[in-house]
Amino acid sequence: MSELLEVQDLQTRFKVRKGYVYAVNGVSFRLEEGETLAVVGESGCGKSVTMLSLVRLLPPAGRIESGQVLLRGDDLLALDQRQLRDVRGGQVGMIFQDPMTSLNPFINIGTQMAEPLLYHRGMSKKDALARSAELLEMVGIPDGVARLREYPHQFSGGMRQRVMIAMAMSCEPSVLIADEPTTALDVTIQAQIVELVKELRDRSGVAVIWITHDLSVVAGIADRVIVMYAGYIVEEAPVDAIFEDPRHPYTVGLLGALPSLGGETGTRLTTIGGAPPDLAELPTFCPFHTRCPFVIDRCRSENPMLEPVSGASDRGHRAACWVDIRGVTEQTGGTVATEQ
Amino acid sequence: MSQTDTLNDRTLVRVEGLTKHFSVRIGAYGETKATVHALDDVSFTVKRGETLGLVGESGCGKSTAGLTLLQLHTPTSGKVFFEDTEVTGLADKEMRPLRQKMQIIFQDPYSTLSPRMTIGNAIGEPLWLHNLATEQGGQERIAELLGQVGLNPAFAFRYPHEFSGGQRQRVCIARALACEPEFIVCDEPISALDVSIQAQIINLLQDLQEAYHLTYLFIAHDLAVVRHISDRVAVMYLGRVVEMAPKDRLFDNPLHPYTHALLQAVPVPNPRQERQREHTVIRGNVPSAINPPSGCRFHPRCPLAFEPCDHVVPEWREVESDHWVACHAV
């Protein structure tokens with residue numbers, strides 16, 4: 001696989017009344033052609049802001065302070081608005097969490113779906129509508145021609161998300177950014193959407209960045225996983241390694257907090273005590289140290305960098321932690337228990 | 001976890017044929033009257049000290065079931081018994097002493113606390129309403145309650161906006177505990193919280209259950225959470241309970257095709273298993289509760305549907321001890 005997207009030292013902050021919120025603090029990662037990268041973290045960890053920064057869709061208070069976003073070698077952060085428009089919806093497709101608010105309720109589905117095709121592909125209206133009908137059928141909405149005349153309220157939540165996916169895929173993007181696309185949906189509908197995205201990915205070869213807070217979904221779809229905390233990437237690894245050999249205490253904690261459907265009953269869930277830190281200042285310490293069961297003195301005075309972990313099965317396995325937690329977790333039977 | 005001693009192995013709440021229909025007006029000008037069949041002929045029991053999980057997708061009526069059970073909605077028909085008292089049809093005045101024993105925790109800790117009331121007052125209000133403390137009194141009890149849910153008793157004078165979602169949910173739990181209830185309806189108490197905070201709240205609810213012998217009706221859409229916390233589980237689909245069984249039996253050997261489909265849809269947090277797992281995805285969407293399908297409400301999506309399913313409502317029957325199901329194909 002060759003490299004499609006490379007993000008280097010991305011920093012984004014928001015201006016607020018009292019100063020700044022440091023939302024993304026020096027994030028670097030790569031995306032290969034055709035791979036699926038999952039970005040995991042809790043609310044406020046900077047996962048959505050990172051992805052919005054890639055295509056510069058930040059709200060007015062947000063500013064990208066530094067970094068590079070290279071899409072096949074072109075720096076997206078250096079493009080002017082016009083060039084950027086060609087990228088958004090063209091080479092980079094996006095799906096958002098809430099399909100209820102991502103579609104315009106006053107405009108019929110056909111007109112909304114045709115728009116990117118008219119703009120990016122220079123199609124005639126007639127061709128664009130015909131293509132849109134095909135796309136609807138491709139995402140599993142039968143009778144596409146008739147449904148193009150309908151309005152968003154006539155579609156259910158799952159169907160609207162299918163429409164969003166069809167729109168995002170319409171110009172054959174090389175990257176699809178999916179920001180919590182199944183969070184607002186019921187579990188059976190979530191399964192339908194996950195299967196749909198997998199199928200489209202396998203057929204078109206699009207690379208997918210799947211942002212989620214749900215590690216269970218990640219297991220089924222991702223090739224590689226990035227775990228974010230307080231605006232930093234704290235761990236990055238192939239999907240199997242994240243689940244089987246997690247090296248950052250936060251990842252271990254997230255995994256322990258998941259109840260399993262397989263049901264080892266009567267066990268207590270391990271929890272991560274406390275709450276994420278306030279991002280009003282750039283930390284000069286490990287941002288996780290207040291909640292971490294493995295904390296050592298160094299964690300309070302220096303923020304660890306993301307570095308390859310020792311003894312990993314994969315070279316791409318990196319974690320930002322001063323402690324090699326392997327020895328410690330073995331003693332406690334592989335769990336991190338930090339009771340409140 | 002549940003109390004297994006025989007004294008406690010008694011029915012605390014019994015629901016018989018509970019039905020709730022809502023009248024709505026539909027159409028652009030509200031010109032058409034229609035009925036939402038939110039809850040239809042639902043029967044189950046909750047034993048003292050156990051947790052009954054109630055799962056289903058949005059709109060299946062699981063929250064309506066909880067609210068109607070507590071008489072926060074007036075049922076259209078059916079009966080609810082608490083201990084041996086029939087609570088359906090009781091006047092508000094007669095209901096009030098019973099409300100001390102039956103409490104509820106809601107999903108969204110942001111909208112259930114008044115932003116203009118200190119959390120001490122929010123927790124104390126049920127005490128005052130039920131005359132368990134005077135308006136000025138009860139401060140000790142409030143401090144004790146805060147301690148029980150893992151909050152600093154000094155927080156009593158703070159306002160909700162000073163707290164995170166998880167902390168607010170702890171406040172809501174303290175408020176539900178104030179009157180020393182026996183039965184708590186937990187209506188999606190963790191759905192609005194982050195994963196690591198969810199685990200904290202689940203553990204807290206389990207600790208409290210053990211300490212105060214509480215009985216829970218735990219409403220949720222997350223099957224893994226329900227399996228973790230429940231003793232028995234009931235599955236709802238479009239206003240009806242389709243299957244109910246002890247949790248291990250339900251999860252390991254689901255009989256109703258909907259339960260089966262629901263379990264298939266849950267992603268497994270293990271990439272190797274997930275790659276090997278069979279992914280049969282259930283077709284279509286949940287139909288509208290305004291005109292629910294005739295017969296078995298699941299028949300339009302059911303892989304096993306056959307002749308009687310589209311016109312005969314399947315009987316709610318006990319196929320083996322404590323395993324109830326409503327399906328013609330079982």
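**Entry 1: chain A as a whole.** I began with burial and noted that, of the 340 residues of chain A, 49% count as buried. I keep in mind throughout that this is a predicted model. I then looked up the secondary structure and found that chain A has 12 helices and 12 strands. For the dimensions, I read that the C-alpha atoms of chain A fill a box of roughly 65 × 50 × 40 Å along the principal axes. I checked the radius of gyration as well: a compact globule with 340 residues would have a value near 20 Å, and the 21 Å of chain A agrees with this. Looking at contacts in chain A with a separation of 6 or more, I noted that 65% of them come from residues 24 or more positions apart.

**Entry 2: the nonpolar core.** I looked next at the largest nonpolar core, which has 200 residues, and those touching the most other members are A:Ile209, A:Val218, A:Val225, A:Val234, B:Phe218 and B:Val235. Helix α6 of chain A, residues 157-169, gives the most to this core, with eight residues.

**Entry 3: where the chains meet.** I recorded that 37 residues of chain A are in contact with 37 residues of chain B. On the side of chain A that touches chain B, the elements giving two or more residues are α7 (187-204), α8 (215-221), α9 (239-244) and α10 (249-256), and α7(A) has the largest share, with six residues. I sorted the residues of that side into 15 nonpolar, 17 polar and five charged.

How values were computed: Residues are numbered from 1 along each chain as its sequence is written. Chains are lettered from A and ligands numbered from 1 in the order in which they are written. This is a predicted model: local features need pLDDT of at least 70, side-chain atom pairs count only at pLDDT 80 or more; totals for chains, interfaces and linings use all residues. Two residues are in contact if their C-beta atoms, placed from the backbone, lie within 7 Å. Helices (H or I, at least four residues) and strands (E, at least two) are DSSP runs, numbered from the N terminus. Ala, Val, Leu, Ile, Met, Phe, Trp, Tyr, Cys and Pro count as nonpolar, Asp, Glu, Lys and Arg as charged, and the others, Gly among them, as polar. A nonpolar core is a set of buried Ala, Val, Leu, Ile, Met, Phe, Trp, Tyr and Cys residues joined through C-beta atoms within 7 Å. A residue is buried if 20 or more other C-beta atoms lie within 10 Å of its own, exposed if 12 or fewer, and partly exposed in between; C-beta atoms are placed from the backbone. The radius of gyration is taken over C-alpha atoms; the globule rule is 2.2 Å times the number of residues to the power 0.38.
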